[in-house]
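Please open the model in a viewer and follow the selections below, which lead through its pockets.

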Amino acid sequence: MQNYGVYVPRLVTKKDIFVSGHRACIGCGEALAVRLVCKALGQNTIIASATGCMEIVSSPLPTTSWKVPWIHTLFENTAAVASGIESGLKMLMKKGRIAQQDITVVAMAGDGGTSDIGLQALSGALERGHNFVYLCFDNEAYMNTGIQRSSSTPYGAATTTSPAGKVSIGQVSWKKNMPAIAAAHNIPYVATACPSYPFDMMDKVKKAAATPGPAYVHILSVCPTGWRCPTDLAIKLGRLAVETGIFPLYEVENGKYKLNFDFPELKPVTAYMKLQGRFRHLSEDIIEKIQKRVTADYAELKERAVEG
Amino acid sequence: MADRVGIEVSVAIGDAVKQANVDVIAAYPITPQTHIVEHLAELVANGEVDAAYIPVESEHSAMSACLGSAAVGARTFTATAGQGLELMHEVLYVASSMRFPVVMTVANRALSSPLSVWGDHSDVMAVRDTGWIQIFTENGQEVVDHIFCAFRIAEDNKVLLPVMIHLDGFHLSHVIEPITFPDQSKVDKFLPDNKYPLPLHPDKPVTMGDFAPPIIYPEAKWAQEVNLRASKEIILKCWQEFGEIFGHHYSPVERYHSEKAKVLLLTMGSFSETAMTAIDKMRGEGRDVGLVRLRLWRPFPFEELRRAVEDAETLIVLDRALSFGGPGGPVCSEVKAALYGQAKKPKVVSFVSGIGGRDISPGDFEEIINKGITISEKGSPNEFEIFGVRE
């Protein structure tokens, strides 16, 4: 580890596809994730983006942060747009109107655009078996419109539409398990990732791109603005999410689960939660409830991974 | 020209799309459009059409997939009707605003509720302002001809706009008609490969679909309006060339015994042919009546319409959709607006009829015309008349 800072940057291309000048908030974990993901995807990529933070910060007319072909149309239809792109390219290549070439078709959306409003279009595209990569950048609420809850918001988190109040703990439902929903489509590749583990994330994205057929990668993207935390904590919180078992990093390859990082002992959820204002209001018994659930879910995942 | 064949109009549309050498079809089943996409699915399954068929999970995704396909430069087709067109609604604006040359046939259908699978123009009127070129057809031959014209117009680099071809659900989509299919070599010449100017491709990265702050949004939308208006010239040229090659002639406002007629009826879609029967009968009885049919709905043919009706004393407009709580027929509203500033103009009478698939017979058209003449002479307290409805 001695010369880590010297050698590690050489392992990653310096060439950026998602370039500076965008207007993401200070400390944005999602912008970091997108930048690293794009490095992994490389130049032969077409990206369809849903409406959301990354769309808004990167494309105010007449500027762009994208060095690959990129299209945004609406909020809930990204997977369908990607279906059209993939099918169109396939036919144009078959008919010899464009050169045969390996082009990775990528759909990107946030957690709202994926697990709520875009779920139907995503399910359709996964089921039809298009050769594309779907990347969900999960910052656990509708951050672009001002921190409203989504089905991906964790239990107990306060948002502007799940506020903590005298008779409410904030979000009263448990986070929707989107990777499991993707895996239930029996697609060849599903993974979870986090930019706090950059090489793991980039490897998974490369693997997803190389997978024939649909691939789904769910990327936890820390949002200091929405999570009410200091702006220098994006990396630390991503690590803690993994180390507490709240957001385990795993793959589902052709139905087989594999846990990428396991820990002899998980850190307590409070190590993660106490750094974030969105959980500040929670009482000890609620935190205990969350701890129990995280422990149980993690054990179940681990069991599934052992079974393979 | 090949021989005429008796064929269901929906099936004929599929065959015409095949002749147009389409690349991608994204479609979702909805009555009364289903036979179109069923036939296309069959053609693809049999290898008769070299196209990707995307069996999407909704009309919203159908049009969304069309956006992606058109964005890479593939020739793209879909079809829908009624509720399906409404579910596509927000995507329709994107298709025209981002200038994707998608072609869509719409088997016009009534809107819920109550549920009705039968035909009227409620679905069309709800998407009037989506920025698409919209053309009404009256018979199977016209629909088939317009498949070729629509791709040609949409993909013209001076236009680059999506085109809707409207045909009446059931009354046209499900009837068997004699249709002539053009020779393939002539189609290929008339309709060259789609050359979309800036397709999504890694060789030349482009950013599509940026967001526009107030400093640039109005300019973007005005450019779109200018572009849609300018498409009329290309549409006219396309129809002229099509007429020269294939012998079928089209114009934005079609006229039937309308020259110098004192009383004119205005219709859109397949009911125009029934109206012609009524006009023939009435003229046989010495009545001074004629018919004008609006073919080009968007961009609206202001000049052609004004010229077609300027000598008439009475213009009776038949709408097949209601504008609830409003002036009655949406088509009539537009016609009135087009004529408002004219020094010489007929009195305009608005009728709404034939909604939810209810027939209008030649006898009904006679009654509508006679009632219209009476209203134009004596006036009416109503903004519009509803015809053929039990109260």
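Begin with H9(B), which makes the greatest contribution to the lining of the largest pocket, six residues. Helices (H or I, at least four residues) and strands (E, at least two) are DSSP runs numbered from the N terminus. The model is predicted, with local features needing pLDDT of at least 70 and side-chain atom pairs counted only at pLDDT 80 or more, while totals for chains, interfaces and linings use all residues. Residues are numbered from 1 along each chain as its sequence is written, chains are lettered from A and ligands numbered from 1 in the order in which they are written, and side-chain values use heavy atoms, without hydrogens and water.

Next, select Leu61(A), Ser97(B), Met98(B), Gly209(B) and Asp210(B), which lie nearest the centre of the largest pocket among its 34 lining residues. Two or more lining residues come from each of helix H3 (53-58) of chain A and, in chain B, helix H5 (89-97), strand E9 (207-208) and helix H9 (217-246). A pocket is an open set of points on a 1 Å grid over the protein atoms alone, where a 1.4 Å probe fits, with protein on both sides within 12 Å along at least five of seven lines; lining residues have an atom within 4 Å of a point. The space in the largest pocket is about 1000 Å³, a volume being that filled by probe spheres set on points joined across faces, edges and corners.

Then move to the second largest pocket, of about 740 Å³. Of its 31 lining residues, select Lys175(A), Asn177(A), Ile246(A), Pro248(A) and Asp297(A), the closest to its centre. Finally, display H12(A), which supplies the largest share of this second lining, eight residues.
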